[in-house]
Amino acid sequence: MFRVDAGSDVPIYRQLVQQVRRDVMLGRLQPGDQLPSVKDVVDALSVNPNTVVKAFSELEHQGMIVRRQGVGTFVAAAPPLASLAVAPRLLSPLARWVERARQDGLDAEQIRMLLEVALDEDEPAAGEDDRRAAGGAA
């Protein structure tokens, strides 16, 4: 379920938190779904148990998961992130775009930066579209 990039500047516990949040948002994890145990994550990723405990603690603090003593860790009944109903429809073209970017020689960090630039692009100012349609006269 989890993957970590040991070479990333992002701490491993933060990578785990981000993956759970993403999977809840994309609907891959549903309320009530059980997460792997700390031991299972430690064994699968060869990471320190404290790292996994820290990630789970942060997720619990955020209201994303609940821990039930002796039973396991589960996605909260009402996680703070609603799943994105349109995500599956958008994910496929986005994955193709990422693949084209990789084929053009971009690495993951460069792709993230491009996405951040696209997200930070300002919306046209109010009335700007109207001025363009009128040939630039204001």
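**Ring contacts and overall architecture**

The charged end of R68 sits over the ring of F74, at 4.4 Å from the ring centre. This arrangement comes from a predicted model. A second ring carries a charge as well: K54 lies over the face of Y13. Here the distance to the ring centre is 4.1 Å. A pair of aromatic rings is described by the distance of the centres and the angle of the planes.

The fold comprises 6 helices and 3 strands. Read from the N terminus, the order of elements is α-β-α-α-β-β-α-α-α. The protein has 138 residues, and 23% of them count as buried.

Q15 was examined individually. Helix α1 spans residues 12-25, and Q15 is placed within this helix. The relative accessible area of Q15 is 8%. Q15 therefore counts as buried, because the cut-off for that class is under 20%. Residues up to four places away in sequence were set aside when its contacts were listed. With these excluded, Q15 touches R3, V4, D5, S8 and V10.

Definitions and conventions. Residues are numbered from 1 along each chain as its sequence is written. This is a predicted model: local features need pLDDT of at least 70, side-chain atom pairs count only at pLDDT 80 or more; totals for chains, interfaces and linings use all residues. Side-chain values use heavy atoms; hydrogens and water are left out. Helices (H or I, at least four residues) and strands (E, at least two) are DSSP runs, numbered from the N terminus. Buried means under 20% relative accessible area, exposed over 50%, partly exposed in between (1.4 Å probe, protein chains only). Contact means heavy atoms within 4.5 Å. A charge sits over a ring if NZ of Lys or CZ of Arg is within 6 Å of the ring centre and within 35 degrees of the ring normal.
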